[in-house]
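Hello,

Here is the structure we discussed. The notes on what was found in it follow below.

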Amino acid sequence: MTTKYTLPDLPYDYDALEPIISKQIMELHHKKHHQTYVNNLNAALASQASALDSNDITQLISIQQKLKFNGGGHINHSLFWKNLAPYDSPATQLERSAPTLKGAIEKQWGSVKNFTDAFETVLLGIQGSGWGWLVSSGKKGFLEIVTTKDQDPVTGPIPVFGVDMWEHAYYLQYLNNKASYVQNIWKVINWEEAEHRYLNGTEGLGSLKL
């Protein structure tokens, strides 16, 4: 039987990220954009199952890009909702919620400010649509800032948190001022979730699930 994916619920209300990310953006982003990735992923999986049954190799090959794009969209957004937290909530306080990760950031970049400056530079350097990620590689806890194109997911290292740089994530509120979106996103980053994901990668606390 082909697995059928569903749209995950947000772990907060649609207006919980205001004034950083508006309720209108969150509703459209979650209910429309993410739902479309889920619908298209399920359709691609059904087509793949049919092609497998009929041993249609040409069809199987043609489906792979749809699986990658829509599957990646589902994975990335499922992570994105979790790595955001209500504005001014305890989870958005780095020192309180992520002491281990904070120490690792300071060790590698010298200070949290140096890190956020570097991350923002990477985000604003993305051409077209894509994502910026803080990832952790292996049990030594090495951190790295990486990007993925379009809806490509992170593969290999552990994604600690990611920032969606598609226009639909910010344009209705920030228009062409991507820099303000990038600077403000820190105010709703869920450092508690980031700490969990970082510790999971370095200490093996169990599987990371969407």
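Lys-68 is partly exposed, at 41% relative accessibility (buried means under 20% relative accessible area, exposed over 50%, partly exposed in between, with a 1.4 Å probe and protein chains only). This is a predicted model, in which local features need pLDDT of at least 70 and side-chain atom pairs count only at pLDDT 80 or more, while totals for chains, interfaces and linings use all residues. Residues are numbered from 1 along each chain as its sequence is written, and side-chain values use heavy atoms, with hydrogens and water left out.

Salt bridges

The whole structure holds four salt bridges (a side-chain nitrogen of Lys or Arg within 4 Å of a carboxyl oxygen of Asp or Glu). One of them joins Lys-68 to Asp-152, at 3.8 Å from N to O. Lys-68 sits in helix α2 (residues 57–82) and Asp-152 in the loop between β2 (142–149) and β3 (158–164), 84 residues apart (helices, H or I of at least four residues, and strands, E of at least two, are DSSP runs numbered from the N terminus). Asp-152 is partly exposed at 24%.

Lys-113 and Asp-117 pair at 2.8 Å, N to O. Both are in helix α5 (residues 112–124), and because they are four residues apart, about one helical turn separates them. Lys-113 is exposed at 53%, whereas Asp-117 is partly exposed at 32%.

In helix α8 (residues 191–203), Arg-197 and Glu-193 are also four residues apart, and their side chains form a salt bridge of 3.7 Å, N to O. Here Arg-197 is buried at 6%, and Glu-193 is buried at 18%.

Regards
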